[in-house]
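Dear colleague,

Please find below the structure that I am handing over to you. I would be grateful if you could look through it alongside the notes that come after it.

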Amino acid sequence: MRSDVSVTSEVFEANRARGAVRFDVHARDGVTRRGVLHESGSLRVRFPSPEGEGLSGVFVNTAGGVAGGDNFDIDIAAGEGARLTLTTAAAEKVYRAPGAAAQLNISLRVAAGAHLSWLPQETILFDRARVHRRFDIELDGAASLLLCEIVVFGRTAMGERMEQGEFVDRWRLRRGGRLVFAETVRLDGHVGAKLGRPAVAKDGAAIGTALIVPGDEALVERLREASDSFSGEVGISAWNGFAMARFCAQDAARLRADMMAVLARTGAALPRLWLN
């Protein structure tokens with residue numbers, strides 16, 4: 001006779017969300033158009049009215065969030081000369097996971113002369129959330145990229161904090177076929193206690209990264225001109241032909257304000273959803 005626990009586990013597994021989006025964009029007569037789009041499961045992408053010569057896309061997760069065992073895959077290719085900006089309709093919430101971790105896999109490919117801005121709203125991790133995220137980015141040597149990610153460990157405005165759980169974030173960036181950036185961040189177990197350490201987050205509840213390609217010391221100096229307005233900790237540097245800004249703050253609002261101050265110095269146009 002099967003136990004109630006095993007039956008419950010099977011029901012839980014059968015109800016995990018799956019979602020995938022795959023599409024390409026290309027430039028024609030100086031205007032970026034969408035190519036073939038494939039969607040499945042609970043993940044969707046919508047394209048508002050074109051803004052100038054570029055194309056904007058908004059991801060929507062109809063599952064209402066991410067839970068343990070969920071799996072989402074995104075695969076995007078920007079053809080030569082295309083300009084694409086991507087964001088999310090809302091902050092993505094990652095909920096408590098009693099079993100397997102959620103899997104988020106993002107693949108971005110940008111051809112010569114093309115530009116991709118990846119600007120999702122925050123990812124919020126609830127207490128005991130478990131998520132593994134992976135970025136694989138392939139850039140032509142003449143392509144450009146702006147990639148920003150903000151992760152919040154609990155809804156501080158609600159008095160919540162992520163005390164335990166697992167967050168694994170793997171980034172690999174290749175430019176012109178050469179690996180120029182590789183990083184894996186892993187926070188697990190007593191996450192709240194680890195974030196309290198001075199060498200980790202000094203009790204901060206939000207972290208962020210802005211990756212800018214191409215980037216050099218001149219860009220770094222321009223970004224640092226915004227330092228008087230920062231309310232959190234921000235570190236900015238450049239190497240291997242790209243620039244990177246790291247952010248840490250006590251809450252998401254402060255970090256977003258710091259991120260926006262840096263992005264303003266790049267000349268990037270923020271998605272309208274960021275400004276609401």
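Predicted model: local features only at pLDDT ≥ 70, side-chain atom pairs only at ≥ 80, totals over all residues.

Residues are numbered from 1 along each chain as its sequence is written, and side-chain values use heavy atoms, with hydrogens and water left out.

Overall form

The protein contains five helices and 17 strands (DSSP runs, H or I of at least four residues for helices and E of at least two for strands, numbered from the N terminus). Its radius of gyration is 19 Å, close to the 19 Å given by the globule rule for 276 residues, so the protein is as compact as a globular protein of that length; the radius is taken over C-alpha atoms, and the rule is 2.2 Å times the number of residues to the power 0.38. The C-alpha trace spans about 65 × 45 × 35 Å along its principal axes.

Of the 276 residues, 45% count as buried (under 20% relative accessible area, with a 1.4 Å probe and protein chains only). Taking contacts between residues at least 6 apart in sequence, 71% join residues at least 24 apart, where contact means heavy atoms within 4.5 Å.

Aromatic rings

The structure holds nine aromatic pairs. Rings of Phe, Tyr and Trp (its six-membered ring) pair if their centres lie within 6.5 Å; planes under 30 degrees apart count as stacked, over 60 as edge-to-face and the rest as tilted.

One of these pairs is formed by Phe59 and Trp118, which is tilted, at 5.9 Å centre to centre and 50 degrees between the planes. Phe59 lies in strand E4 (residues 55-61) and Trp118 in strand E9 (residues 115-118), so the pair ties together parts that are 59 residues apart in sequence. Both Phe59 and Trp118 are buried.

Phe181 and Phe242 have ring centres 5.7 Å apart and planes at 70 degrees, so this pair is edge-to-face. The pair links distant parts of the chain, with Phe181 in strand E14 (residues 178-189) and Phe242 in strand E17 (residues 242-249), 61 residues apart. Phe181 counts as buried at 7% relative accessibility, and Phe242 counts as buried at 1%.

Finally, Phe59 and Trp118 belong with Phe135 and Trp171 to one aromatic cluster.

Yours sincerely

How values were computed:
Buried < 20%, exposed > 50% of the residue type's maximum accessible area, 1.4 Å probe, protein only.
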